[in-house]
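Hi everyone, thanks for making the time. I'd like to walk you through a model chain by chain, and then look at where the chains touch.

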Amino acid sequence: MSLLDLKGVSLSFAGSKVLDAVDFSVPAGRIVSLIGPNGAGKTSLFNCITGFYKPQQGSIRLDGTEMLKLKPHQVTQLGIARTFQNVRLFREMTVLENVMSGQHSRTRAGVIDAILRLPSQRREEVEIRRIAEECLSFVGITEGWEREATTLPYGWQRRVEIARALATTPRLLLLDEPAAGLTSGEKEELIELIRRIRNERDICILLIEHDTGLVMRLSERVSVLDHGVMIAEGTPKEIQSNQRVIEAYLGVEEDALDL
Amino acid sequence: MAQFPERPSAWGGLATLLDTPQKRYAAIAVILVAMAVAPYIFGSYGTVILTNALLYVLLALGLNIVVGYAGLLDLGFAAFFAVGAYTVGITTLHFGLNFWLALPLAVLLAIVAGIVIGAPTLRLRSDYLAIVTLGFGEIVRITARNLRETGGASGLIGIDSPWLFGWHIRTPLDFYYVFCALAILGVIASVRLANSRLGRAWLYVRHDEDAAEAMGINRVKVKLAAYVVGAIYGSIGGAFFAANLGAISPESFSFRQSVLILMAVILGGMGKIPGVILGAFIVILAPELLRDFGDLRLLIFAVGLLLIMLFRPSGIWPARSKR
Amino acid sequence: MSIFDIFTNQLLNGIVLGSFYALVALGYTMVFGVVKLLNFAHGELYMVGGFAGFLVLSFLAPYLGPGWLGVAVSLVLAMIAVGFLGVVIERVAYAPMLSAPRLSILITALAVSLVLQNGMLTLTKGQYVPFGAALGFGGVKLGNLFISYNQMILVGVAAALMLALELFVSRTQYGRAMRAVSVDKDMARLMGINVNAVIAITFFLGSALAAAAGSMAGAYYGSLWYFMGFLIGLKAFTAAVIGGIGSIPGAMLGGLILGLLESFGTQLPGVGSEWKDVFSFSVLILVLVFKPTGLLGKPEQERM
């Protein structure tokens with residue numbers, strides 16, 4: 001049973017095809033990686049799944065619900081959270097406030113509730129805070145919650161972004177190059193964290209990653225995208241020996257698959 | 001870990017300056033006493049000016065929610081001010097409605113107007129809102145000028161002053177205290193909104209729309225909420241303005257009025273409540289001090305606004321506390 | 001007057017009005033295309049252009065006379081002066097803000113507009129200033145329709161300026177650079193295009209066209225006012241949006257359409273001339289709601 005199902009997803013910008021009839025699925029409870037050379041369309045595929053891009057054709061279903069026409073915030077409400085390739089934390093806001101944003105779509109206090117400080121609003125605020133704190137602790141950030149998020153060291157910012165995504169209580173978490181710019185020690189911690197997210201919180205993971213060593217160690221399934229076409233799909237072992245994948249990578253200079 | 005800077009807050013650093021409850025209560029007590037005795041120090045003309053400044057505090061707080069919190073440029077804020085004033089004027093004069101019934105009607109109309117203008121435009125690039133609100137401001141002013149019901153260019157006169165539990169609010173001193181209360185309520189509502197789910201969402205959307213949407217925030221809805229809350233502030237200000245003066249005319253709601261309110265928000269410091277209050281007082285008090293300069297006053301303001309934007313975009317009020 | 005006469009008269013009025021709108025809308029659209037900025041001060045450049053033309057004419061009139069010759073020379077000089085003013089505004093006020101949040105640069109543009117407006121208010125003490133041109137009242141009669149020479153020259157000059165701009169943008173190297181910058185500033189820079197020079201040229205041309213419109217309006221209507229740029233700025237923006245903001249032919253088309261809409265709109269029952277502006281702003285709001293990309297605009301770029 002797959003949690004996420006893409007069928008024949010095609011996307012083009014100004015006449016040039018970015019994604020060409022992509023079929024792709026994420027089985028429930030798995031850690032899945034999406035790899036491919038630079039410019040293969042991986043982030044575009046993420047943007048289609050999360051509603052930021054509107055594919056011209058195809059179907060994208062989460063647990064059977066069609067999401068093609070949904071806006072990004074509706075996709076998040078359905079249970080898909082994401083991080084960005086270049087960390088995008090909210091400037092001038094604290095770490096805690098950043099993570100509190102995740103609960104926005106799970107809560108409902110409006111203008112009047114806030115102005116009158118109704119009991120329900122106060123309870124909700126306490127709950128938003130509690131969940132944010134719990135998510136921060138989960139990713140291993142137990143101090144500096146009141147600091148401006150964008151002043152944290154880079155590796156911490158990555159984890160705050162993951163905590164923020166977790167705070168939306170997702171079923172599926174999309175990570176766009178989560179290891180980029182991390183030290184090798186931090187990468188080990190990241191692998192550990194991603195496993196814990198899946199095991200302890202029962203959240204399915206789909207990641208885009210260039211560090212193939214990390215991909216092979218962490219993922220249970222790997223899909224390979226090249227020039228907007230899904231060229232292979234299988235276990236890390238199968239992918240490592242797949243001829244088409246090797247060719248796709250060799251065809252691109254400076255980005256050879258380090259197998 | 002090294003000491004990281006505190007982030008700026010709605011209080012603009014006052015929270016760290018007044019870091020114990022005792023200091024805060026003392027500050028509040030000083031402000032309240034100052035507000036209560038000010039009319040006896042500044043005399044009757046001073047009281048009228050202060051009342052006007054407090055009206056501007058209320059209007060600027062409302063516009064601050066749109067501009068300072070949600071980061072949307074509204075160049076037609078006076079339109080909502082007009083909606084409030086004319087609703088009270090028309091319904092009390094032509095339909096004999098009680099002021100306290102006209103007030104909620106004014107708020108309701110402002111909400112409707114806010115949604116009609118905001119809902120379509122807030123989907124578009126944020127700069128379009130600036131121009132559309134500018135156009136809307138003109139539509140409202142021209143409509144007020146040309147309808148019989150609004151009294152045309154000469155406006156409406158003889159609007160009754162309201163009663164409140166047997167207190168006939170009519171002298172300038174009465175209205176001074178009414179506007180004190182409105183400004184205080186305006187500040188309380190602004191602070192509570194800033195520290196709420198919605199207040200945070202305004203900042204999220206303002207800083208990064210895409211990331212905010214990825215967090216499940218409906219950006220159009222959130223912006224619309226800011227725009228409508230601003231409209232409500234404007235309308236309430238307009239309603240009491242009409243009751244205070246007893247007469248209103250279209251020229252009170254011109255583009256210049258919108259610009260002055262916007263200047264109050266920006267000069268003092270957008271998004272920071274003490275800054276906005278400071279800005280409102282500057283905009284009202286400076287012309288009194290610059291009386292000799294005549295037409296030059298507006299030019300001085302305009303140059304000041306330009307200099308602020310180029311050299312100190314966070315406004316006059318300090319951005320963060322130095323600890 | 002028959003319905004037909006009213007129709008032809010309003011058609012003529014609409015074309016004259018539309019020429020002004022189109023000239024000002026062009027600057028709006030060009031600047032938007034290149035730096036993605038709504039230059040609120042643009043309407044004020046029209047106003048300053050009018051006053052610059054007036055100033056030059058008052059110096060030249062003793063030599064060239066207040067007729068079309070004097071006006072033509074003052075028009076050209078006013079265009080050059082205001083063109084440079086536009087460049088200076090961009091360098092001083094906008095260039096430092098281009099990487100700042102959108103809100104800051106919008107407010108800066110507003111501030112520039114207020115400085116120009118109130119500067120002129122201070123200089124003129126808020127009075128109307130007679131332009132001082134004497135253009136004569138001759139014209140041609142076609143049936144019941146009277147077309148003055150002034151109207152013909154005005155529309156002709158506007159058309160010539162627009163044609164020159166179109167040729168400049170489509171045929172010259174600078175025009176190509178301008179289009180490249182409007183598509184992708186960073187890429188254009190990588191291709192060796194001097195982006196700052198292109199921005200300066202764009203501001204120069206846009207401001208000069210606004211000044212041309214301002215001078216002609218001064219000569220045609222006979223007087224100037226410090227606040228005359230406000231409404232036309234709004235109208236020109238409306239015209240640019242109708243045509244599709246960022247599109248040069250769109251701005252011309254939009255200007256003409258708005259001019260015609262206004263002149264015919266005021267003939268509708270219940271829409272007297274006092275409602276003219278309400279009518280055009282309503283058009284603006286409706287266009288933004290139903291067709292925000294305008295008639296000739298490209299669809300909004302995909303996000304991210």
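Let's start with chain C, where buried residues make up 50% of the 304 residues. A residue is called buried if 20 or more other C-beta atoms lie within 10 Å of its own, exposed if 12 or fewer, and partly exposed in between, with C-beta atoms placed from the backbone. Before going further, a word on conventions: this is a predicted model, in which local features need pLDDT of at least 70 and side-chain atom pairs count only at pLDDT 80 or more, while totals for chains, interfaces and linings use all residues. Residues are numbered from 1 along each chain as its sequence is written, and chains are lettered from A and ligands numbered from 1 in the order in which they are written.

Back to chain C, which has 11 helices and four strands. These are DSSP runs, numbered from the N terminus: helices are H or I with at least four residues, strands are E with at least two. The radius of gyration of chain C is 19 Å, close to the 19 Å from the globule rule for 304 residues, so chain C is as compact as a globular protein of that length. For that comparison, the radius is taken over C-alpha atoms, and the rule is 2.2 Å times the number of residues to the power 0.38. The C-alpha trace of chain C spans about 60 × 50 × 40 Å along its principal axes.

Two residues are in contact here if their C-beta atoms, placed from the backbone, lie within 7 Å.

Now for the record. In the model, residues 71-93 of chain C are 100% helix and 0% strand, with end C-alpha atoms 31 Å apart. Residues 278-297 of chain C are 65% helix and 0% strand, and their end C-alpha atoms lie 24 Å apart.

On to chain B, with 12 helices and four strands. A compact globule of 323 residues would have a radius of gyration near 20 Å, and chain B agrees with its 20 Å. Its C-alpha trace spans about 65 × 50 × 45 Å along the principal axes, and 54% of the 323 residues in chain B are buried. Among contacts in chain B between residues at least 6 apart in sequence, 78% join residues at least 24 apart.

How confident is the predictor about chain B? The average pLDDT is 86, and 94% of the residues score at least 70; pLDDT is the predictor's confidence in each residue, from 0 to 100. Over residues 1-6 of chain B, pLDDT stays under 50, and the model has 10 contacts beyond four places in sequence for them. Where pLDDT is low, the predicted coordinates should not be read in detail.

Let me zoom in on one residue. Ile277(B) sits in helix H11 (residues 273-289) of chain B. Is Ile277(B) buried or exposed? Ile277(B) counts as buried because it has 24 C-beta neighbours inside 10 Å. Leaving aside neighbours within four places in sequence, Ile277(B) is in contact with Val57(B) and Gly268(B).

Next, the interfaces. The contact between chains C and B takes 34 residues from chain C and 33 residues from chain B. On the chain C side, helix H4 (102-124), helix H9 (228-243) and helix H11 (276-290) of chain C give two or more residues, and H4(C) has the largest share, 14 residues. By class, that side divides into 23 nonpolar, six polar and five charged residues. Here Ala, Val, Leu, Ile, Met, Phe, Trp, Tyr, Cys and Pro count as nonpolar, Asp, Glu, Lys and Arg as charged, and the others, Gly among them, as polar.

The contact of chain A with chain B takes 34 residues from chain A and 28 residues from chain B. Helix H2 (72-78), helix H3 (95-100) and helix H4 (111-116) of chain A each supply at least two residues of the chain A side, with the largest share, four residues, from H2(A). That side of chain A has 11 nonpolar, 14 polar and nine charged residues.
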